[in-house]
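Subject: Handing over a structure

Hello,

Here is the structure I promised to pass on to you. Please open it alongside this note, and then read on for what was found in it.

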Amino acid sequence: MAQSVFKTVIARYKTILENEKEWIEPSFRKPPYDLVWHRDYSLTKDKFSVNTLNGRLKSDYYSEGMKKYFDHDTYKFGTAKLVNKQGKYFVHIPVTYDIPESDLSDICNVVGIDRGINFLVAAYDSNHQSKFVNGKAIKQKRANYSKRRKQLQMRKTPSSRRRLKAMGQRENRWMQDINHQVSKALVENNPKHTLFVLEDLTGVRNATEKVRTKDRYVSVSWSFYDLEQKLIYKAKQNESTLIKVNPAYTSQCCPKCGHTEKSNRNKKTHVFTCQSCGYQSNDDRIGAMNLYRMGINYLADNQVPGTVATE
Ligand SMILES: [Zn+2]
């Protein structure tokens with residue numbers, strides 16, 4: 001326990017020295033306690049056991065959903081953290097396990113995923129199926145948050161600052177939960193060995209370029225990035241792969257003939273009409289179709305035999 005205290009204090013000083021411009025006195029209101037597996041704590045199917053200053057303490061715990069982790073050939077418990085939240089103690093236990101590296105030659109399905117505002121995601125896959133997650137309700141809720149934030153910012157009192165902070169955290173949790181559900185659905189509704197194709201938004205200014213001026217009241221880049229991270233992580237668990245491609249012209253290019261022209265897309269009516277071959281579709285679908293096609297090209301460039309539909 002004493003060692004854990006040293007480590008925590010040293011780590012906190014290091015973080016301040018590396019990240020902050022000015023020196024800030026570190027405070028330790030809620031010191032976490034690190035527990036090393038098999039030294040400080042252990043866990044069986046029905047008992048949690050932990051070293052304390054008064055010797056070993058054993059306790060029952062809520063074990064629902066824990067069963068599979070006791071297969072120790074597959075899962076390894078890591079260094080746990082004991083935290084106190086609102087008078088209750090929680091132990092956060094990390095679990096690690098190996099996932100077989102997925103190989104490009106195993107890919108059996110490609111999904112293009114376009115992120116946006118009116119549709120949180122539009123997806124297009126190897127079965128030529130389109131899927132959309134409607135973003136209208138989310139957009140509305142964000143606008144509400146934004147309005148309340150502005151009101152609080154104007155007040156500039158200690159209590160308004162506190163409420164502002166709490167509201168920000170609430171909005172974050174809400175957004176993360178949505179991203180969790182969307183990424184989970186995308187992975188679960190596709191087979192193992194899927195190639196997910198996303199736009200690489202790193203170079204795009206704030207990712208807000210994708211958003212109409214009137215909707216730029218909130219930066220969506222953080223939310224897009226969060227969705228991406230969750231998707232990468234969940235795809236990996238499902239032996240799938242995710243690549244990011246250059247987003248240039250994904251909304252102007254005809255997915256059928258490749259003809260690229262700004263006027264292919266009518267932003268007002270949301271209809272895409274190819275000025276060369278006449279192909280017509282909803283414009284939200286076009287981005288996803290183009291990303292899908294770029295995924296197919298990526299496989300071809302990496303000389304993966306044509307197991308995936310190309311049309
Ligand atoms: Zn065309």
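**What was found**

Strands here are DSSP runs of E with at least two residues, helices are runs of H or I with at least four, and both are numbered from the N terminus. Two strands count as paired if DSSP finds at least two bridges between them.

Before going further, please note that this is a predicted model, in which local features need pLDDT of at least 70 and side-chain atom pairs count only at pLDDT 80 or more, while totals for chains, interfaces and linings use all residues. Residues are numbered from 1 along each chain as its sequence is written.

**Around β10**

The pair above belongs to β10 and β11 (residues 130–134), antiparallel strands joined by five bridges. On the β9 side, five bridges also link β9 (residues 109–115) to β10, again antiparallel. β9 and β10 make a hairpin with three residues between them.

How many residues of strand β10 are buried? Seven of the seven (residues 119–125) are, so the strand is largely enclosed by the rest of the structure. Buried means that 20 or more other C-beta atoms lie within 10 Å of the residue's own, exposed means 12 or fewer, and partly exposed is in between, with C-beta atoms placed from the backbone.

**Two histidines to look at**

H128 sits in the loop between β10 and β11, a hairpin with four residues between the strands. H128 is not a glycine, yet its phi is positive, at about 60 degrees. Is H128 buried or exposed? It is exposed, with 10 other C-beta atoms within 10 Å.

H270 also has a positive phi of about 60 degrees without being a glycine. You will find H270 in the loop between β14 (265–266) and β15 (271–273). H270 counts as partly exposed, with 13 C-beta neighbours inside 10 Å.

**The core and α5**

A nonpolar core is a set of buried Ala, Val, Leu, Ile, Met, Phe, Trp, Tyr and Cys residues joined through C-beta atoms within 7 Å. The largest one has 31 residues, of which V111, I113, A123, F196, V197, A288 and Y292 touch the most other members. At least two residues of this core come from each of β9, β10, α3 (158–188), β12 (194–199), α4 (221–237) and α5 (283–301). The largest share, eight residues, is supplied by α5.

Leaving out residues up to four places away in sequence, A288 touches G112, I113, D114, A122, A123, Y124 and S130; contact here means C-beta atoms, placed from the backbone, within 7 Å.

The 19 residues of α5 should span 27 Å at 1.5 Å a residue, and its end C-alpha atoms are 27 Å apart, which agrees. The expected span is 1.5 Å times one less than the number of residues. Just after α5, Q303 takes a positive phi of about 50 degrees.

**A sheet and the domains**

An open sheet of three strands runs in the order β2-β3-β4, with antiparallel pairing. Its edges are β2 (41–43) and β4 (55–59), each with a single partner strand, so one side of each has no neighbour in the sheet. Five bridges hold β3 (residues 48–52) to β4, and F48 has S59 as its bridge partner.

Finally, the domain assignment (automatic or from a database) gives domain 1 (2–96) and domain 2 (104–301). Their centres, taken over C-alpha atoms, are 36 Å apart.

Enjoy exploring!

Definitions and conventions. Two residues are in contact if their C-beta atoms, placed from the backbone, lie within 7 Å.
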